[in-house]
Amino acid sequence: MLSNSIRSMALKRAAAPNAYRPLAQRFRGLATAGKIPDTQKAIIFTEHGGPLEYKDIPVPKPKPNELLINVKASGVCHTDLHAWLGDWPLDTKLATTGSLVGGHEGAGVVVDMGENVKGWEIGDYAGIKWLNGSCLSCEYCENGNESNCDHADLSGYTHDGSFQQYATADAVQAARIPKDVDLFKVAPILCAGITVYKALKTAGLKPGQWVAISGAGGGLGSLAVQYAKAMGLRVVGIDGGAEKEQAARKLGAEAFVDFTKTKDVPAAVKDITGGGPHGVINVSVSEQAMQQSLDYVRKKGTVVLVGLPPNAKVTANVLDTVVKSVDIVGSYVGNRADSAEAIDFFARGLIDYPIHIAGLSELPEIYKKMEKGEIVGRYVLDTYK
């Protein structure tokens, strides 16, 4: 149950005017006015780490099971950077088609659909998630673990994603977005929000318990702090730099450990939380930070691995892990139910976080900042700039 103070906060936020809402209202219905164009603007690349071209490409045609979504806003995720660099041991769409449009946090309007689609209408708000489609018939899909499907289709990786003005998505997996929700603000929820919400659920924490968010000042971390607070948890943020500390505290972190200034991070975290947090959400891409979390987590606690630094490994001391009875688990993206719940938290005004709106053509510069770890909050691309 949410506390009265959190409910009060939600009501205040819901009543507050949204600075971006006029933009979303202005976009409503634009996509359905007139004919769908033959071409569109997109960011496309043909080799990993190669030029990111801002150019005209054909508008895709939806398959019988797909929606065509006029993308208005797209978040930029660290996974998009990995897809471009090709530094994960997973083949992208480049291996078969020779080109790829990245992006998997797309929010927009349904403008067309295949003949087999049911339950959607032209003009509905829809979201393009990392999981674009799955087989729906394997043991993983049948048990609500569609993201583990061996035949999963991934937006911006094996399926052209949301860094374009029109994109397709499987109608079953596309996220339903309420009509009164700001498309720019909701875009990062479609991957980052769902991912951290699922991670917090995986940790199995109770209201009032401590959770450490490693990477609290970044794009995933800023959302993890918010969801943790909304779920009634006490948050200690871990990250580097005064700007990230300020951002994490503003979003609800009760305490903060700056690893650039703290000589012994595990000791500091244990001191703040009275013996260690009950759970740790590792959203940073630091192998060292993940390793440290095994040292400072409380007995009977849960360490959740979310961030995906290439080729990283975490080594658990068997004696310590057994004696402390620690759980070490991985958490991938959420299923359809997790997605709906995460969006609902946002729609009810419980989640608020800093976004920076940039034009689609500015993506190369955003990737440079991302590689240097300079981003605080989340970048959202306006596909019409």
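Predicted model: local features only at pLDDT ≥ 70, side-chain atom pairs only at ≥ 80, totals over all residues.
By the ring-centre rule the model holds 6 aromatic pairs. One of them joins Tyr197 and Tyr227, whose ring centres are 5.7 Å apart with 45° between the planes, a tilted arrangement. This pair links distant parts of the chain, since Tyr197 belongs to helix H7 (residues 192–203) and Tyr227 to helix H8 (residues 219–230), 30 residues apart. Tyr197 counts as buried at 7% relative accessibility, and Tyr227 is likewise buried, at 0%. Tyr197 also meets Phe345, with centres 5.4 Å apart and planes at 50°, so that this pair too is tilted; here helix H7 is linked to helix H13 (residues 336–347), across 148 residues.

Elsewhere, Trp88, Trp130 and Tyr157 form one aromatic cluster. Rings also receive charged side chains: the charged end of Lys41 sits over the ring of Tyr54, 5.5 Å from its centre, while Arg176 lies over the face of Trp120, at 4.0 Å from the ring centre.

Turning to the cysteines, the structure holds 0 disulfides. The sulfur of Cys135 has its closest cysteine sulfur in Cys149, at 3.6 Å, which is too far for a bond, because a disulfide requires the two sulfur atoms to lie within 2.5 Å. Cys141 is in no disulfide either, the nearest cysteine sulfur being that of Cys138, 3.7 Å away.

Note on methods:
Residues numbered from 1 in each chain as written. Heavy atoms only, no water. Phe/Tyr/Trp six-rings, centres within 6.5 Å; stacked < 30°, edge-to-face > 60°. Helix = DSSP H or I, 4+ residues; strand = E, 2+ residues; numbered from the N terminus. Buried < 20%, exposed > 50% of the residue type's maximum accessible area, 1.4 Å probe, protein only. Lys NZ or Arg CZ within 6 Å of the ring centre and 35° of its normal.
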